[in-house]
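Q: Could you walk me through one part of this structure up close? I'd like to look at the salt bridges and the bits of the chain they tie together.

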Amino acid sequence: MTHPTTQVDSRPTISRSAVAQALRRWWGLKGSLEDLPSERDQNFLVRDASGEPAHVLKIANLAEDRAFLDCQEQAMQALSEAGVPVQQVRTTFDGQAIVGLGDPGPPWCRLLSWLPGRLLATVENPEPALWTDLGATMGRSATALMDFDHPAARRAIQWDVQVAGAVIARGIDDVADGVRSRLLAGIAEGLRADLVPRLPSLRRSVIHNDANDHNVVVDDAGLRVAGLLDFGDLVHSVTAHEAAVACAYAMLGRADPATVLQRIVAGFDATCALTEDELDALPSLILARLGASVAISALQSRLAPDPYLRVSEDPAWALLDWFETMPRSALRIAVHEAVGR
């Protein structure tokens with residue numbers, strides 16, 4: 001499994017002048033450039049002559065396998081054909097979707113369309129309908145990718161819930177606060193007892209695996225999902241984890257996390273029916289994502305502090321505290337009630 005800091009350390013640092021030259025050479029475009037945040041890649045917003053957002057130029061991490069970028073493009077195409085709002089790839093003059101800025105080697109570069117709207121992270125007090133629509137969108141995504149496969153998607157990454165137990169255990173000693181360290185150790189033990197035995201009964205498929213509030217675009221009214229961004233954590237894993245990831249991030253900082261959970265699960269189940277085993281496993285899948293998130297953040301903070309990686313850390317700890325007050329049986333009942341069975 002890739003070490004958490006490996007791809008952060010190999011993040012590209014291409015100059016704006018070189019990026020502007022690549023835009024002209026490969027796509028015949030001119031425009032102003034703005035940096036966009038990214039954990040491991042280098043991204044630029046490209047504005048047109050009128051100043052309006054037009055494209056996103058993505059420069060992949062130097063450690064990224066080109067085959068995985070091809071996997072992302074194929075998955076995005078499958079989602080687009082299924083009506084899931086994702087960015088479109090703009091090919092070069094000679095029809096390439098991916099070009100090498102190393103002429104012809106890495107770093108690999110792609111030009112994607114700009115999705116209008118705003119990030120879910122900017123929406124204060126979202127309406128309940130938005131959570132239902134988020135669940136439905138991720139359900140459509142899971143359904144569209146159910147029959148999709150690619151060799152590069154079958155990879156070992158730290159965000160795969162199938163290795164969450166190991167990721168959490170590895171990060172316990174990196175948590176400086178004793179109370180939080182003991183909480184994380186308890187979560188690791190609980191997942192070994194509750195989630196690990198359930199994993200063999202859960203469906204597997206390729207999933208987006210990162211529907212956090214910085215990867216979800218919503219309409220200007222803040223009522224519907226208008227786009228799904230960033231396929232860098234795409235992996236062949238537990239299908240129901242797609243719902244769990246959406247729940248985990250949407251529940252952060254909410255006054256009533258249980259209601260958010262139920263809304264998302266109901267929306268997801270309407271477009272990708274969850275099995276009884278998946279419904280039973282969902283609370284533990286959510287807990288696994290939250291635990292992995294704080295564990296990875298703790299290790300990263302010790303080795304190479306980066307504010308971008310810590311954006312969800314404090315709310316995640318607060319949500320983990322909330323989970324500790326909720327019996328797992330009560331959460332399972334809430335999940336089943338959400339779908340009426």
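A: Let's start with a cut-off: a residue is called buried under 20% relative accessible area, exposed over 50%, and partly exposed in between. Arg16 comes out at 42%, so Arg16 counts as partly exposed. Keep in mind that this is a predicted model.

Now for the pairs. Side chains of opposite charge can pair when their charged atoms come close. The count here is 15 salt bridges. One of them joins the side chains of Asp35 and Arg16, at 3.3 Å from N to O. Asp35 sits in strand β1 and Arg16 in helix α2, so this pair ties together parts that are 19 residues apart in sequence.

Next, take a look at Asp133 and Arg224, whose side chains meet at 3.2 Å, N to O. This pair links distant parts of the chain, 91 residues apart: Asp133 belongs to helix α4, and Arg224 to the loop between β8 and β9. Asp133 is buried at 8% relative accessible area, while Arg224 is partly exposed at 48%.

What's around that pair? Helix α4 lies across β8 and β9, at about 40° to β9. Those strands run antiparallel and are joined by 3 bridges, with Val218 standing opposite Val225 in β9. They're part of an open sheet of 3 strands, ordered β6-β8-β9. β6 and β9 each have a single partner strand, so one side of each has no neighbour in the sheet.

Finally, Arg289 makes a salt bridge with Asp210 at 3.3 Å, and both residues are buried. There's also a network of salt bridges linking Asp194, Arg198, Arg328 and Arg332.

Technical notes: Residues numbered from 1 in each chain as written. Predicted model: local features only at pLDDT ≥ 70, side-chain atom pairs only at ≥ 80, totals over all residues. Heavy atoms only, no water. Pairing = 2+ DSSP bridges. Helix = DSSP H or I, 4+ residues; strand = E, 2+ residues; numbered from the N terminus. Contact = heavy atoms within 4.5 Å. Axes fitted to C-alpha atoms, helices over the stretch in contact; angles between N-to-C directions. Salt bridge = Lys/Arg side-chain N within 4 Å of Asp/Glu carboxyl O. Buried < 20%, exposed > 50% of the residue type's maximum accessible area, 1.4 Å probe, protein only.
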